Amino acid sequence: MSKKTDLRILRTKQSIRTAFIALIQEKGYEAITIQDIADRAMINRNTFYLHYENKPDLLNTYMDELLGELKNAVVLCPISMNPYSIAILETVMQTVLEHISRNTSFYYAMLIEENRIYQFRAKMENIIKDKLNEGWNPAAGNSPLAISKELLLEYLVSSFMGIIIWWVKNEQPLPAGEVSSQFSRLVAYGHLKAAGIAYEE
């Protein structure tokens, strides 16, 4: 296959995906037809079927590719629980936000829109949970937790995803580095101490 042909295929796939995301934002996934995608991408239906079997295949392929990129990025941020590294947690969050900023339209459609794709959020949460769970290794001599590990992971993942959704929904109101720094301080010190609010037992 020639380089020219490769570039043509890449451009066609990009046109299909751009059209697909725009249509999800406009009318929701369920209402989109293959003809809608073909018309918006300025291709014919046969060209669409050269690349994807159907609409679910397009959705799953795109989701898996983007989440694969996300997973590959966070894999490069090794987490240790003995001792726990706040700097690494900050790096993980910043890595995720920077990845999202390069694919904002897709993440907005998947996570924010009224017709958002719930299976995408579930897959993304699993990637983050696996990453946060990475440092707990009984063989490493980690001391027992004072609270349920499962509860702690759910708390961290929910907080992580909540901040991501807030950031995307509000069009990235703070730089990724600043959001990541504040998030790591919230995790390290608790929201009251991190915010400078006095408290008592």
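Which residues does Phe-120 touch, not counting residues up to four places away in sequence? Phe-120 touches Met-63, Leu-67, Phe-106, Tyr-107, Met-110 and Leu-111, where contact means heavy atoms within 4.5 Å.

The model described here is predicted: local features need pLDDT of at least 70, side-chain atom pairs count only at pLDDT 80 or more, and totals for chains, interfaces and linings use all residues. Residues are numbered from 1 along each chain as its sequence is written, and side-chain values use heavy atoms, with hydrogens and water left out.

**The nonpolar core**

In soluble globular proteins, nonpolar side chains tend to be buried together. A nonpolar core is a set of buried Ala, Val, Leu, Ile, Met, Phe, Trp, Tyr and Cys residues joined through side-chain atoms within 4.5 Å; buried means under 20% relative accessible area, exposed over 50%, and partly exposed in between, with a 1.4 Å probe and protein chains only. The largest such core has 55 residues, and those touching the most other members are Phe-106, Tyr-107, Met-110, Leu-111, Phe-120, Met-124 and Ile-164. At least two core residues come from each of several helices, including helix 1 (3–27), helix 6 (104–111) and helix 8 (149–169). Helices are DSSP runs (H or I, at least four residues), as are strands (E, at least two), numbered from the N terminus. Helix 8 gives the largest share of this core, 11 residues.

**Helix 6 against helix 8**

Helix 6 and helix 8 pack with their axes 10 Å apart, at an angle of about 115°. Axes are lines fitted to C-alpha atoms, for helices over the stretch in contact, and angles run from 0 to 180 degrees between N-to-C directions. Helix 6 contributes Tyr-107, Tyr-108 and Leu-111 to the contact, while helix 8 contributes Met-161, Ile-164, Ile-165, Val-168 and Lys-169.

Most residues other than glycine have a negative phi, and most peptide bonds are trans.

**An annotated region**

An unreviewed UniProt entry lists residues 33–52 as "DNA-binding region". Over residues 33–52 the chain is 75% helix and 0% strand, and the end C-alpha atoms are 13 Å apart.

Conventions: UniProt positions are given in the numbering used here, feature names are shortened, and annotations may be inferred rather than shown by experiment.
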